[in-house]
Amino acid sequence: MKESDLKLANEIRLKLIECAAQSQIICYSDLVPNVLCDNRHMNHLSKILTYISEVEWGVRKLLLSSLVVQKDTKIPGIGYFELCAKLNVSTDYKEMQEKCFEFWKDEENMQWIRYELKTTTDASSRIDRKSVV
């Protein structure tokens, strides 16, 4: 993953953690404005959300991408369900959203917000202790 993509992934991850701590979902259009007008950018966002969720799954068994939904249906996009299949995880996105809400509402878990994503081949070691806040 390129450095600029990693920076964007960390920004999106922080925004998703903020949403989870407030028990909120977020629409794609609110997460990254103007992304839906261009399929190339939507593909790029999908890859970044997949990366974030693969890392979070490896570390905490949470899929933050479950919080990102389509505005009209309030359901995650196809990429979320493809990731669930890849990871052999339940596609019950509401259950995963609740797990994210529960985890990130806990003040003790907020220490993890300071960790930032980094590029490696091992998903469980893709978090660096470097502060991002």
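## Close-up views of a predicted chain

**View 1. Contacts across the chain.** Of the contacts (heavy atoms within 4.5 Å) with a separation of 6 or more, 58% join residues 24 or more positions apart. This is a predicted model: local features need pLDDT of at least 70, side-chain atom pairs count only at pLDDT 80 or more, and totals for chains, interfaces and linings use all residues. Residues are numbered from 1 along each chain as its sequence is written, and side-chain values use heavy atoms, without hydrogens and water.

**View 2. The order of elements.** The chain holds five helices and four strands. Helices are DSSP runs of H or I with at least four residues, strands runs of E with at least two, numbered from the N terminus. The order from the N terminus is α-β-α-α-β-α-α-β-β.

**View 3. Met96 in helix α5.** Met96 sits in helix α5. Its relative accessibility is 5%, so Met96 counts as buried (under 20% relative accessible area, 1.4 Å probe, protein chains only). Beyond neighbours within four places in sequence, Met96 contacts Trp57, Lys61, Leu62, Leu63, Ser66, Tyr80 and Val89. Lys61 lies 35 residues from Met96 along the chain, and their C-alpha atoms are separated by 9.4 Å. Across the chain, buried residues make up 43% of the 133 residues.

**View 4. Glu108 in a loop.** Glu108 belongs to the loop between α5 (93-105) and β3 (116-117). With a relative accessible area of 64%, Glu108 is exposed (over 50%).
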